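Here is a short tour of a model to follow with the viewer open. Let's start where the chains meet and then look inside one of them.

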Amino acid sequence: MSNGLTTLNPQQPKTAAMAERMAEVKGRSLWADARARFLRNKAAMISVVVLGAVFVFAFLGHLLTPYDNETIDWNVLGKVKELGKPSLENGHYFGYDDSGRDLFARVVQGTQVSLMVGVIGAAIAVIVGTIYGAVAGYLGGRIDSVMMRFVDIAMSVPYMFVLILLLVVFGRSIEMIFVGIGLTAWLDMSRIVRGQTLSIKNKEFIEAAVATGVPSFTIIRRHVVPNLLGVVVVYATLLVPQMILTESFISFLGLGVQEPLTSWGALISEGTSTMNYGTLWQLFFPLAFFVVTIFAFFFIGDGLRDALDPKDR
Amino acid sequence: MLSFIIRRVAIAIPTLLLLLIISFWLMQTAPGGPFNSERPLPPQVLANIEAKYGLDQPMWKQLIDYLKGIVTQFDFGPSYKYKDRSVNDIIAQGFPVTLKYGVISFVLAIVVGGALGIAAAIRQNSWLDYFAVGITIGAQVLPNFVMAPILILVFTLWLGWLPGGGWNGGQWDHVIMPVIALSTSYMASIARLTRSSMLEVLRSNFIRTARAKGLPDRVIIWRHALKPTILPVVSYLGPAFVGMVTGSFIIDSIFSTGGVGYFYVNAAFNRDYAVMMGLTFLLGSMTILFNMVVDILYAWIDPKIRL
């Protein structure tokens with residue numbers, strides 16, 4: 001490096017180079033390292049952009065169209081194949097759905113619902129799972145084994161049955177989906193967090209905190225949970241698409257969100273049942289949104305894992 | 001090993017009971033019974049019907065009677081919706097269908113996924129590896145309810161090669177699309193798991209030793225690397241099984257194959273609790289049993305687990 005510099009102006013740049021070098025060795029936190037690694041990951045960065053676009057579409061998409069998702073165009077009804085094609089001229093960018101409603105507005109709404117279920121469902125799972133796992137792992141002993149045995153048992157109950165049962169018994173509504181998904185999704189999280197907590201628990205700084213008389217729950221809150229964050233973040237990103245998948249699965253069967261609300265699963269289901277009539281756009285648009293979003297979440301999750309967990313590299 | 005098996009069985013039984021109690025309790029507390037129709041029945045008639053189905057008994061007694069019926073006579077009781085059919089009839093009709101395409105899908109996912117994963121790992125960074133990785137990434141976002149419409153679109157509507165639904169006694173052309181739709185995403189997961197596990201194993205010390213001894217690749221892979229490689233795959237079999245059981249709901253509803261999934265979803269719409277309960281019991285106990293077998297298999301392969 002200094003060889004190259006001597007050919008340039010000898011006095012000034014040398015000190016500049018020194019200063020630059022000093023700046024370079026300035027300590028970087030683990031998080032800054034992770035951020036740099038993540039920013040270098042092309043697939044993940046593209047996914048962030050794509051996902052951002054999907055979110056914007058979901059929450060601002062209704063501004064782009066004069067149509068709402070409930071108005072039925074009676075002129076098109078029954079002739080959707082001929083008159084309902086997607087077109088830019090009449091403003092029905094995605095065409096009509098089978099009941100003569102604007103598909104663009106429907107997809108906007110479906111995207112909203114699916115993303116909401118994904119994000120909120122994952123958030124519930126992360127919060128409950130982290131607290132449960134951290135408490136079990138930190139307290140250890142008999143409390144730990146009772147808590148984790150319960151998780152073992154609950155995990156081997158096939159949750160889709162319980163979810164469908166809940167929806168049937170208490171009515172098919174979006175709130176019930178949240179409850180049903182929230183009931184089961186935290187179990188995995190709690191296992192992962194417990195494992196991590198067990199390894200953090202024996203570190204010196206925890207010992208120091210114990211020695212100075214910090215109460216258990218303060219230790220969990222101040223020292224254990226912040227150190228779990230990396231794992232939690234990665235897992236949460238991978239949990240969102242799983243939640244979306246679960247909700248879509250349920251809604252595809254018709255047991256999930258109900259009209260006039262809709263979601264990707266419900267839209268794909270409609271598209272599937274109407275594709276015999278040649279109205280393929282009804283299948284294509286929701287399917288494309290679904291696949292692209294799930295892809296993006298997976299790539300971001302993978303990118304975050306590579307960024308935050310360098311030992312795998 | 002024996003004590004491990006005993007401990008594992010000791011978990012499976014309370015799990016099954018928990019599932020049963022939850023489902024039973026949920027159905028009992030449900031607002032609106034199975035006989036609430038739009039035209040309300042006279043109270044005496046309703047009381048008679050409820051007495052006939054034993055619904056006037058306290059819950060714990062109903063549960064015990066129900067379990068007794070299943071254990072002693074394999075009798076799941078009558079359907080609330082179809083007065084002329086018992087839950088047994090429905091199982092007898094739907095279960096063989098589900099079993100057929102389910103077993104084929106499961107075996108296919110393991111064999112093809114495993115082979116693809118091993119091949120990709122052995123020839124890492126070859127075109128085969130890239131092909132396998134590409135497929136597994138793509139198939140991650142193709143769950144059964146996405147795969148099935150695409151298959152019907154291509155092979156039924158465009159090419160006209162395969163029938164888009166029905167079962168027809170399980171002829172191969174009716175089985176092929178359900179199997180592909182059900183197994184693809186699991187095949188992909190198994191391939192990915194096998195590949196990464198195999199790569200890790202191939203880098204380990206004992207494989208280097210085997211190579212240093214001059215063993216041929218064939219022996220190294222089949223005799224030494226395979227066993228540690230399949231461990232993560234084995235532990236994935238449980239979730240894959242659960243996924244396929246629930247995936248059959250989708251398959252039955254898209255392809256009209258008439259398996260138990262069709263009846264389960266129908267029962268869910270009709271609030272036919274007897275059918276739901278019977279199928280939950282049947283499929284739930286199969287899942288729990290399968291998970292138990294997988295765990296035991298895992299412990300048998302990897303003795304560390306038994307501790």
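## The interface between chains A and B

How many residues of chain A are in contact with chain B? In this predicted model, 31 residues of chain A are in contact with 34 residues of chain B, contact meaning that C-beta atoms, placed from the backbone, lie within 7 Å.

On the chain A side, H7 (141-156), H8 (159-170), H11 (216-252), H12 (264-274) and H13 (281-308) each supply at least two residues. Helices here are DSSP runs (H or I) of at least four residues, numbered from the N terminus. H8(A) gives the largest share, 8 residues. By class, this side of chain A has 25 nonpolar, 5 polar and 1 charged residues; Ala, Val, Leu, Ile, Met, Phe, Trp, Tyr, Cys and Pro count as nonpolar, Asp, Glu, Lys and Arg as charged, and the others, Gly among them, as polar.

## A closer look at Leu287(A)

Leu287(A) belongs to helix H13 of chain A. Leu287(A) counts as buried because 20 other C-beta atoms lie within 10 Å, and the cut-off for buried is 20 or more. Beyond its neighbours within four places in sequence, Leu287(A) is in contact with Ile268(A), Gly271(A) and, in the other chain, Val146(B).

Within chain A, helix H6 (residues 103-139) packs with H7(A) at an angle of about 145 degrees, their axes 7 Å apart. Axes are lines fitted to C-alpha atoms over the stretch in contact, and angles run from 0 to 180 degrees between N-to-C directions. Tyr132(A) and Ala136(A) are among the H6(A) residues making the contact, and Met147(A) and Met148(A) among those of H7(A).

## Notes on the model

Residues are numbered from 1 along each chain as its sequence is written, and chains are lettered from A and ligands numbered from 1 in the order in which they are written. As this is a predicted model, local features need pLDDT of at least 70 and side-chain atom pairs count only at pLDDT 80 or more, while totals for chains, interfaces and linings use all residues.

Definitions and conventions: Two residues are in contact if their C-beta atoms, placed from the backbone, lie within 7 Å. A residue is buried if 20 or more other C-beta atoms lie within 10 Å of its own, exposed if 12 or fewer, and partly exposed in between; C-beta atoms are placed from the backbone.
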